[in-house]
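I opened a new notebook page for this structure. My entries follow in the order I looked things up.

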Amino acid sequence: MLVEKTGEVMTLKLQSGDELITRIEKETSETYTCEQCITIAATSQGVAMVPWIQTAKPGKIDLNKSQVVAKVPTIKEIADKYLEAVTGISVSSPSSIIGV
């Protein structure tokens with residue numbers, strides 16, 4: 001069983017194939033309450049972080065656990081860029097990832 005630290009940036013792989021980067025704020029037997037879900041998209045300028053649901057207001061999303069295939073800690077470089085994108089605080093050196 002994976003035990004993550006509170007507020008740790010996690011990657012969720014969904015049955016649809018989508019890969020989400022988020023922080024899980026709350027977990028019940030059926031859902032994850034996630035904060036500011038983003039995904040990675042390829043652009044002509046490189047890799048970019050974009051909102052997972054592009055027309056929704058930023059905030060919390062409840063995900064049904066039955067749709068989650070895997071839940072793993074996000075690699076440090078990507079986690080740092082995620083935190084920078086959602087908080088505005090730079091925590092890493094420059095890379096080829098474009099913020100949200």
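**Entry 1: salt bridges**

I began with charged pairs, and I counted 7 salt bridges. My rule for a salt bridge was a side-chain nitrogen of Lys or Arg within 4 Å of a carboxyl oxygen of Asp or Glu. This is a predicted model, so local features need pLDDT of at least 70, side-chain atom pairs count only at pLDDT 80 or more, and totals for chains, interfaces and linings use all residues. Residues are numbered from 1 along each chain as its sequence is written, and side-chain values use heavy atoms, with hydrogens and water left out.

I looked up Glu-35 and Arg-23. Their side chains form a salt bridge at 3.2 Å, N to O. Glu-35 sits in strand S3 and Arg-23 in strand S2 (residues 19-27), so this pair ties together parts 12 residues apart in sequence. I took helices (H or I, at least four residues) and strands (E, at least two) as DSSP runs, numbered from the N terminus. Are Glu-35 and Arg-23 buried or exposed? Both are buried. Buried means under 20% relative accessible area, exposed over 50%, and partly exposed in between, with a 1.4 Å probe and protein chains only.

**Entry 2: helix H1**

Next I turned to helix H1, residues 76-87. H1 has 12 residues. From its first C-alpha to its last it reaches 16 Å, close to the expected 16 Å at 1.5 Å a residue. The expected span is 1.5 Å times one less than the number of residues.

I found a salt bridge between the side chains of Lys-76 and Asp-80, at 2.7 Å, N to O. Both residues lie in H1, 4 residues apart, about one turn of the helix. Lys-76 is exposed, with a relative accessible area of 60%. Asp-80 is buried, at 10%.

I then noted Lys-81 and Glu-84, whose side chains meet in a salt bridge at 3.5 Å, N to O. They are 3 residues apart in H1, about one helical turn. Lys-81 is buried, with a relative accessible area of 11%. Glu-84 is partly exposed, at 26%. Elsewhere, salt bridges that share partners join Glu-27, Lys-65 and Lys-71 into one network.

Which residues of H1 are buried? I listed Ile-78, Ala-79, Asp-80, Lys-81 and Tyr-82. After H1 comes Gly-88, with a positive phi near 85 degrees.

**Entry 3: cysteines**

How many disulfides are there? I counted 0. A disulfide is a pair of cysteine sulfur atoms within 2.5 Å. The sulfur of Cys-34 has its closest cysteine sulfur in Cys-37, 4.5 Å away, and this is too far for a bond. Cys-34 is buried, with 0% relative accessibility. Cys-37 is buried too, at 6%.

**Entry 4: Gln-36**

I checked the backbone of Gln-36. Its phi is positive, about 45 degrees, although Gln-36 is not a glycine. Most residues other than glycine have a negative phi. Gln-36 is found in strand S3, residues 31-43. It is partly exposed, with a relative accessible area of 23%.

**Entry 5: Thr-22**

I moved to Thr-22, in strand S2. Thr-22 is buried, at 0% relative accessibility. A polar atom of its side chain lies 2.8 Å from the backbone oxygen of Glu-35. I also looked up its contacts (heavy atoms within 4.5 Å). Leaving aside neighbours within four places in sequence, Thr-22 touches residues including Glu-8, Cys-34, Gln-36, Cys-37 and Tyr-82.

**Entry 6: nonpolar cores**

I finished with the nonpolar cores. A nonpolar core is a set of buried Ala, Val, Leu, Ile, Met, Phe, Trp, Tyr and Cys residues joined through side-chain atoms within 4.5 Å. The largest has 10 residues, among them Met-10, Leu-20, Tyr-32, Cys-34, Cys-37 and Val-68. Strands S1 (9-14), S2 and S3 each supply at least two residues of this core. A second, separate core has 7 residues, including Val-9, Met-49, Ile-78 and Tyr-82. In soluble globular proteins, nonpolar side chains tend to be buried together.

Last, I looked at Tyr-32. Leaving aside neighbours within four places in sequence, its contacts include Ile-24, Glu-27, Leu-63, Lys-65, Val-68 and Lys-71.

Notes: Polar contact = N/O pair within 3.5 Å; in protein donor to acceptor, adjacent residues only side chain to side chain.
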